[in-house]
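Please keep the structure in view while reading the points below.

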Amino acid sequence: METQLLSANAADLSLAAQLIQSGQVVGMPTETVYGLAADATNPDAVARIFEAKGRPSDNPLIVHIADVSDLDAVAAEVPPLAMTLADAFWPGPLTMIFKKRDEIPLITTGGLDTVGVRMPNHDTARALIRASLKPLAAPSANRSGYPSPTTAQHVLHDMQGRIPAILDGGECACGLESTVICFDEDETVRILRPGFVTAEMLRAVAPSVVIDSGIFRDAASNEAVRSPGMKYRHYAPNARVTLVEGSAERFRQLIALQQNEGVYALIFDSDAADFPYPHRTFGSTSEEQGNLLFAKLRELDEIGAKEVFVRMPEKEGVGLAVYNRLLRAAGFDVIHLAELK
Ligand code: TXA
Ligand code: MG
């Protein structure tokens, strides 16, 4: 199969929609990361997503809609609080989990009776959903386990020959996947995956918000977790990643001690002045780090990095999402450097 790179013009959009309607998988830009989109109501089409990605069949897909009014077609029960959150954050990087309707087959939800739903804040994504006349299931468009794609070229790198087409919608504005939440019985909002819609932002609208401890834990594959995605290795480049907690000065000393070939540092812009060792930078604010993280991890593989030491990001706001992705990319390998008195 030859993978076509399509632009977001009307002719290409209608070609992409035809592919979706015939049960094929199309690379779709969103504001978070690129997705692998197919008709969420068609089990054969959804099976093609799992195959293209090499994804475990018990890891559910997010269903994307173009309008709030489409929510009732996929979700069986929508608590009033969810409508408040939709008003505040949709279209945008927030996925909410609901009881699913029968129209959404079990293959889409990894066998669960719930479905994650999101309205993306990207014109091309919503145009594709509307033209397809279907809700679109779309996981991130990387090969399972690898960092998510934030450009059409990243998708092509991972999916060349595995899907018929990719819609090029430019670089993703966020660069990290959506915030995933569910509603506990008392309408407490539970964050299952942190993202650009932060706990602080949710607290401004919802009476009670908790961060699920699974975000920070290395769940063994048989452990019960709230979200199946927590069980799997994720976001990891081929290079070995180690996350390093400690001051810029101590970090520099750690890098100076490395003897192996192919060691790189991934550091903040502010650390880069006179940094004498091989490195890449990934911004200074948490938002910039979110934008750049996956692209930099992919770039480090491309330049032949074998081992990457990464400076610890902030753990608040969007920083929590950066931290969560790095923890998993590192397989929970964290070094805590003692500070010198
Ligand atoms: O930003 C995003 O969310 C991107 C773009 C393409 O929309 N999509 C994305 O999908 O990141 P994916 O499949 O890579 O990650 C979906 C996450 C997984 O961790 C999955 O386990 C969780 O959401 N999830 C989906 N449906 C769920 C459900 N019903 N219950 C619990 N967790 C769910
Ligand atoms: Mg993913």
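This is a predicted model: local features need pLDDT of at least 70, side-chain atom pairs count only at pLDDT 80 or more; totals for chains, interfaces and linings use all residues.

Helix α8 passes helix α9 in a left-handed crossing.

**Helices α8 and α9**

- Helix α8 comprises residues 286-302 and helix α9 residues 318-329; their axes come within 8 Å and cross at roughly 25°.
- Because angles under 35 degrees count as roughly parallel, α8 and α9 are described as roughly parallel to each other.
- On the α8 side, the contact is made by Ser286, Glu287, Gln289, Gly290, Leu293, Phe294 and Leu297. On the α9 side, Val318, Gly319, Val322, Arg325, Leu326 and Ala329 take part.
- By residue class, this contact of α8 with α9 consists of seven nonpolar, four polar and two charged residues.

**Nonpolar cores**

- In soluble globular proteins, nonpolar side chains tend to be buried together.
- The largest nonpolar core has 52 residues, of which Leu85, Met96 and Leu202 touch the most other members.
- Not counting residues up to four places away in sequence, Leu85 touches Trp90, Leu94, Met96, Ile181, Phe183, Val189, Leu202, Val205 and Ala206.
- Another core, of 28 residues, lies apart from it; among its members are Leu300, Leu320, Leu327 and Ala329.

**A buried glutamate**

- Glu177 is located in the loop between β9 (165-167) and β10 (179-183).
- Glu177 counts as buried because its relative accessibility is 4%, and buried means under 20%.
- Leaving aside neighbours within four places in sequence, Glu177 is in contact with Thr32, Val33, Ser148, Arg193, Pro194, Gly195, Tyr235, Phe294 and Arg325.

**Backbone features in loops**

- The peptide bond from Trp90 to Pro91 is cis, with omega near -5°. Pro91 belongs to the loop between α3 (80-89) and β6 (94-100).
- Tyr235 is not a glycine, yet it has a positive phi of about 60°. Tyr235 lies in the loop between β12 (209-211) and β13 (240-245), and it counts as buried at 6% relative accessibility.
- Asp274, also a residue other than glycine, has a positive phi near 55°. Asp274 is found in the loop between β14 (263-267) and β15 (279-281), and with 70% relative accessibility it counts as exposed.

How values were computed. Residues are numbered from 1 along each chain as its sequence is written. Chains are lettered from A and ligands numbered from 1 in the order in which they are written. Side-chain values use heavy atoms; hydrogens and water are left out. Axes are lines fitted to C-alpha atoms, for helices over the stretch in contact, and angles run from 0 to 180 degrees between N-to-C directions. Helices (H or I, at least four residues) and strands (E, at least two) are DSSP runs, numbered from the N terminus. Angles under 35 degrees count as roughly parallel, over 145 as roughly antiparallel, 65 to 115 as roughly perpendicular and the rest as oblique. A crossing is left-handed if the near helix is turned anticlockwise from the far one by less than a right angle, and right-handed if clockwise. Contact means heavy atoms within 4.5 Å. Ala, Val, Leu, Ile, Met, Phe, Trp, Tyr, Cys and Pro count as nonpolar, Asp, Glu, Lys and Arg as charged, and the others, Gly among them, as polar. A nonpolar core is a set of buried Ala, Val, Leu, Ile, Met, Phe, Trp, Tyr and Cys residues joined through side-chain atoms within 4.5 Å. Buried means under 20% relative accessible area, exposed over 50%, partly exposed in between (1.4 Å probe, protein chains only).
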